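Hi everyone, thanks for making time for this. Let me put the structure up on the screen, and then we'll walk through it together.

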Amino acid sequence: MKNKLLSRLTPTSFLQAFVIQSMKLWRKKNSEQESNDKYIQHLGLLASSSLEKIVREKLEYEKTLTHDQYADVIIEIKNQIGGGFSRVSSDVGTIRVENTRCPFGEMVKGTPELCQMTSSVFGGIAARNFGYAKVELTKRIATGDRYCDISIHLDKALSQAISGDEYHNQESSIISKLNSSETIVQVTEGIEKNWYQCGTIESDPQQNSQNIIIGQSQAMREVFNSIQIVAPTMVNVLIGGETGVGKELIARAIHAASGRNPERFIAVNCAAIAETLIESALFGHEKGAFTGAYNVHKGFFERACTGTLFLDEIDSLSLSGQAKLLRILQEGEFERVGGRQAIKADVRVIVAANQSIKDMVLAGDFRKDLFYRLNVVPIQIPPLRDRREDIGTLTDFFLKQLSNKYQKPGKTLGEKAWHKVMIYDWPGAISGNWKASWNMHFCSHRELLLRMFLSIVLI
């Protein structure tokens with residue numbers, strides 16, 4: 001029981017509980033609702049300016065926000081801290097979003113006044129960019145609803161009959177008037193600098209690297225050297241090799257050794273995407289932009305923004321899909337299917353192929369211009385049968401992993417077992433992950449080798 005309780009203690013859960021308990025103490029000390037609301041509103045307005053600045057830099061929004069950009073900013077902010085926000089409407093003068101997961105979890109039901117924080121962040125950013133906003137909290141998880149439904153009204157004339165918290169931009173100050181208590185809060189711009197640090201936490205690349213690549217052969221040393229050379233750059237990389245040689249591990253190693261390590265690494269198997277869906281999968285889509293029923297799906301390029309996108313089995317992409325990929329590599333931007341705005345693609349692209357792309361170009365199955373865009377730095381991974389000096393190291397590694405997993409004493413292969421391993425014609429190679437060592441594969445012969453190793457380890 002004690003261990004189960006400790007397993008629930010994470011930095012996020014601790015901060016959630018800390019904020020909730022702080023609010024309860026504040027509530028006891030200041031029994032008046034007006035005082036509670038004013039305190040939260042003040043914090044939210046102070047934070048809104050800094051949070052906006054951080055997300056603007058990430059999304060590369062430099063000028064006064066458009067309504068669509070504003071929606072992107074507030075959704076990005078809330079989802080970064082644990083929300084489940086998405087946009088559901090595009091009515092004239094109104095931005096409507098829904099939230100399926102509260103950043104404070106179920107504990108928010110004990111302190112529903114924390115919803116005022118969302119109102120003040122949304123309202124403060126809107127007032128700063130548009131001069132006026134009224135935030136209407138229609139549904140709230142904190143009060144027992146299944147989800148939150150929030151409307152931000154940006155047209156003062158059209159929102160007069162609507163009940164909500166009002167926000168005005170007046171002489172370098174954001175002034176808010178709370179609907180619940182008629183409380184007025186004023187925050188002067190420029191005094192919130194302490195919040196900026198929340199967006200500048202640096203990550204140790206060594207801590208984020210979850211994968212290890214095992215190999216001592218000359219061929220693998222050349223691969224390692226290529227990783228070290230290409231990782232700090234932004235050039236595209238084409239990784240070649242048979243199925244199972246560990247192409248994704250090489251791509252992850254490049255990402256881990258690059259300046260993009262703190263950001264996301266997204267792996268996509270192009271062969272698993274239907275031809276009719278490839279454009280939507282890569283670039284996303286928008287529905288109902290003119291009907292009011294607004295729905296946005298972010299594609300892989302958008303989700304990998306500022307990080308690395310790994311496109312595996314690029315050789316399975318049709319000529320039509322290749323043309324769409326070529327455009328984004330050339331222009332550095334894309335549009336969602338059904339969208340109207342160009343989105344910058346700040347993405348490091350790494351691709352992998354099982355077949356020879358050069359041969360496909362000669363056969364007319366792969367675009368020559370796309371090949372030259374992708375093949376800036378080629379890395380070819382040899383199969384295990386061509387680097388047998390690595391077999392011993394790999395065998396010892398997996399035996400140790402299996403012994404630890406099953407809590408058995410360390411084992412070594414006997415002479416007959418070594419002979420079988422060494423004469424086997426490995427049609428591929430081995431890849432593994434130290435964090436989930438069981439998720440390893442030995443080409444199509446994974447089960448064969450695992451059964452052999454298990455028979456040794458479990459004796």
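Let's start at one residue, Ile 152. Leaving aside residues up to four places away in sequence, Ile 152 touches Tyr 70, Ile 74, Gly 93, Thr 94, Ile 95, Phe 122, Ala 126, Ala 133, Lys 134 and Val 135. Please keep in mind that this is a predicted model.

Now, where does Ile 152 belong? It is part of the largest nonpolar core, which has 35 residues. Ile 152 is among the members that touch the most others, together with Tyr 70, Ile 74, Val 97, Phe 122, Ile 125 and Ile 150.

Next, a helix pair. How do α7 and α8 cross? The axes of α7 (residues 218–230) and α8 (residues 247–256) come within 8 Å, at a crossing angle of roughly 40°, so the two helices are oblique to each other. Their crossing is right-handed. On the α7 side, Val 223, Ile 227 and Val 230 meet Ile 250, Ala 253 and Ile 254 of α8.

Finally, let's zoom out. The protein has 16 helices and 16 strands, and 47% of its 459 residues count as buried. Of the contacts between residues at least 6 apart in sequence, 68% join residues at least 24 apart. The exposed surface comes to about 24000 Å², with 52% supplied by carbon and sulfur atoms. Thanks, all!

Key: Residues are numbered from 1 along each chain as its sequence is written. This is a predicted model: local features need pLDDT of at least 70, side-chain atom pairs count only at pLDDT 80 or more; totals for chains, interfaces and linings use all residues. Side-chain values use heavy atoms; hydrogens and water are left out. Helices (H or I, at least four residues) and strands (E, at least two) are DSSP runs, numbered from the N terminus. Buried means under 20% relative accessible area, exposed over 50%, partly exposed in between (1.4 Å probe, protein chains only). Contact means heavy atoms within 4.5 Å. Accessible areas come from the Shrake-Rupley method with a 1.4 Å probe; for residues, only the protein chains shown count as cover. A nonpolar core is a set of buried Ala, Val, Leu, Ile, Met, Phe, Trp, Tyr and Cys residues joined through side-chain atoms within 4.5 Å. Axes are lines fitted to C-alpha atoms, for helices over the stretch in contact, and angles run from 0 to 180 degrees between N-to-C directions. Angles under 35 degrees count as roughly parallel, over 145 as roughly antiparallel, 65 to 115 as roughly perpendicular and the rest as oblique. A crossing is left-handed if the near helix is turned anticlockwise from the far one by less than a right angle, and right-handed if clockwise.
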